[in-house]
Amino acid sequence: MMVAGKSRRGFFLTLEGPDGSGKSTAAQRLAARLADEGYDTVLTREPGGTALGEEVRQILLHAPTLDPALTTDALLFNAARAQLVAQVIVPALDRGAIVVCDRFADSTLAYQGYGSGQPLAGLRTLASFATGGLEPDLTVLLDLPVEEGLRRKGGEVNRFEIDADVAFHERVREGFLTLAAESPGRFLVVDATRPADEIDGAVSDELRRRLPVGGSISRLSEPKAHSVRMDR
Ligand code: TYD
């Protein structure tokens, strides 16, 4: 894995998709399976994944009275991201771990960019600054019709879902699909209506195809169940 000309040993996998696509469950199952197989595995999520990031998450998702401007949203997501990259992701990649991250920079482009209409160029610059140019080795997009996603979420909605109408979610979905089409080498698009075990199989097959051969990925000396770290 390369970032800003620096070679890192680990593997960085992100999962993206609309609300209700099942990516959090898919992320947990993948990370648990990798850990069982003895890989040094780190499972994390956005926004959050660090103490600072979880505070920012509270502001972003559960404090509607603060009424952040659209640009403030973009900055806050990237503030949480910068902390997660510095504190969790880069150290893990440097020691050769597989990092599984539930949402990453593509979410800001899809939600704040395609969904809310913030300029994509500015959002890309912001993300590049926040991440130091770090990009995932593989991004799994769990694609799902909007109605199906909203139905699956039921009554459990956060600020981004309360305020948003179906048209917003359609733009987010199309945004993700556009991002995937622009970077076919990085994305794997999976139909999220397929049974969970088929999705798990497709993701882990693709990961195995891409894992570098030659031993740069760390394996723990004593593989054990539940050794996956969830740095929250
Ligand atoms: P969460 O409850 O974690 O939803 P999910 O399980 O669907 O990931 O809430 C994350 C919300 O934040 C989700 O609605 C998408 C939104 N979001 C953005 O708008 N921009 C971003 O950059 C990120 C990371 C998330």
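Biologist: How are α3 and α5 oriented to each other, roughly parallel or roughly antiparallel?

Modeller: Two packed helices are described by the angle between their axes and by the distance between those axes. Here, α3 (residues 70-94) and α5 (residues 120-131) cross at roughly 25°, and their axes come within 8 Å. The two helices are therefore roughly parallel to each other. Angles under 35 degrees count as roughly parallel, over 145 as roughly antiparallel, 65 to 115 as roughly perpendicular and the rest as oblique. Axes are lines fitted to C-alpha atoms, for helices over the stretch in contact, and angles run from 0 to 180 degrees between N-to-C directions. Helices are DSSP runs of H or I with at least four residues, numbered from the N terminus.

One caution before we go on. This is a predicted model, where local features need pLDDT of at least 70 and side-chain atom pairs count only at pLDDT 80 or more, while totals for chains, interfaces and linings use all residues. Residues are numbered from 1 along each chain as its sequence is written, and side-chain values use heavy atoms, leaving out hydrogens and water.

Biologist: Which residues of α3 and α5 make the contact?

Modeller: Contact means heavy atoms within 4.5 Å. From α3 come A74, L75, N78, R81, A82 and V85, and from α5 come L123, L126, A127, A130 and T131. By class they divide into 8 nonpolar, 2 polar and 1 charged. Ala, Val, Leu, Ile, Met, Phe, Trp, Tyr, Cys and Pro count as nonpolar, Asp, Glu, Lys and Arg as charged, and the others, Gly among them, as polar.

Biologist: And how do α2 and α3 cross?

Modeller: The axes of α2 (residues 51-62) and α3 cross at roughly 160° and come within 8 Å. That makes α2 roughly antiparallel to α3. On the α2 side the contact uses L52, G53, V56, I59 and L60, and on the α3 side D73, L76, F77, A80 and Q83.

Biologist: What is the angle between α1 and α9?

Modeller: About 55°, for α1 (residues 23-36) and α9 (residues 196-210), with axes 10 Å apart. The pair is therefore oblique. Their contact has 6 nonpolar, 1 polar and 5 charged residues.

Biologist: Which residues come nearest to the ligand?

Modeller: A residue is near a molecule if one of its heavy atoms lies within 4 Å of it. Of the 16 residues around the ligand, D19, K23, R103, T108 and Q112 come nearest. Polar side-chain atoms lie 2.9 Å from a ligand oxygen atom for D19, 2.8 Å for K23 and 2.6 Å for T108. A polar contact is a pair of N or O atoms within 3.5 Å.

Definitions and conventions. A polar contact is a pair of N or O atoms within 3.5 Å; within protein, one must be able to donate a hydrogen and the other to accept it, and residues adjacent in sequence count only if both atoms are side-chain atoms.
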